[in-house]
Amino acid sequence: MADSVLRTKTKEFAKDIVFLCRMLKQNSVESPLINQLLRCGTSVGANVHEAQYAQGTKDFISKFEIALKECNESEYWLELLYETNSISEVEFKNLQKECIELRRMLVSSVTTLKNK
């Protein structure tokens, strides 16, 4: 399957987000921030996975575009957590790098699909 690398990477990102959110919860970080990051960070992979059973090209593109938006939102919450000293620079940089890589893959996929 062509998107297997993307599916694998989005699932790994989701797992990293889950582990981070568990740690943040133990450190008494504000629950709304944790919930927002958990929601959007896991949604990236869920939408990519769901696209596998899309009802057509438009639906497939839509799922990838939603995943892209969720990826961008994840980066926002990560930035906020970093800037409020809730996560370390290393944690932030690692997850930001994953976000950037996923965003590039999603943009490339959407662009390719739209040009067909």
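Start by selecting N85, which lies in the loop between helix 3 and helix 4, helices here being DSSP runs of H or I with at least four residues, numbered from the N terminus. N85 is not a glycine, yet it has a positive phi of about 60°. N85 is exposed, with a relative accessible area of 71%, where exposed means over 50%, buried under 20% and partly exposed in between, computed with a 1.4 Å probe on protein chains only.

Before moving on, note that this is a predicted model, in which local features need pLDDT of at least 70 and side-chain atom pairs count only at pLDDT 80 or more, while totals for chains, interfaces and linings use all residues. Residues are numbered from 1 along each chain as its sequence is written, and side-chain values use heavy atoms, with hydrogens and water left out.

Next, select S28, found in the loop between helix 1 and helix 2. At 64% relative accessibility, S28 counts as exposed.

Now colour L6, T10, F13, A14, I17, L20, C21 and L24, which are buried in helix 1. These buried residues pack against helix 2 (31-51), helix 3 (57-83) and helix 4 (89-114), contact meaning heavy atoms within 4.5 Å.

The crossing of helix 1 and helix 3 is left-handed, a term used if the near helix is turned anticlockwise from the far one by less than a right angle, with right-handed used if clockwise. To see the side chains that meet, show L6, F13, I17, L20 and L24 in helix 1 together with F64, S74, L78 and L81 in helix 3. The residues of this contact divide into eight nonpolar, one polar and no charged, with Ala, Val, Leu, Ile, Met, Phe, Trp, Tyr, Cys and Pro counted as nonpolar, Asp, Glu, Lys and Arg as charged, and the others, Gly among them, as polar.

The axes of helix 2 and helix 3 come within 8 Å and cross at roughly 155°, which makes helix 2 roughly antiparallel to helix 3. This crossing is left-handed, and by class the contact has 15 nonpolar, five polar and five charged residues.

Within helix 2, select N47, which counts as buried at 9% relative accessibility. Leaving aside residues up to four places away in sequence, N47 touches K63, I66 and A67.

Finish on helix 4, where F92, L95, Q96, C99, L102, L106, V110 and L113 are buried. What covers them includes helix 1, helix 2 and helix 3.

How values were computed
Helix = DSSP H or I, 4+ residues; strand = E, 2+ residues; numbered from the N terminus. Axes fitted to C-alpha atoms, helices over the stretch in contact; angles between N-to-C directions. Parallel < 35°, antiparallel > 145°, perpendicular 65-115°, else oblique.
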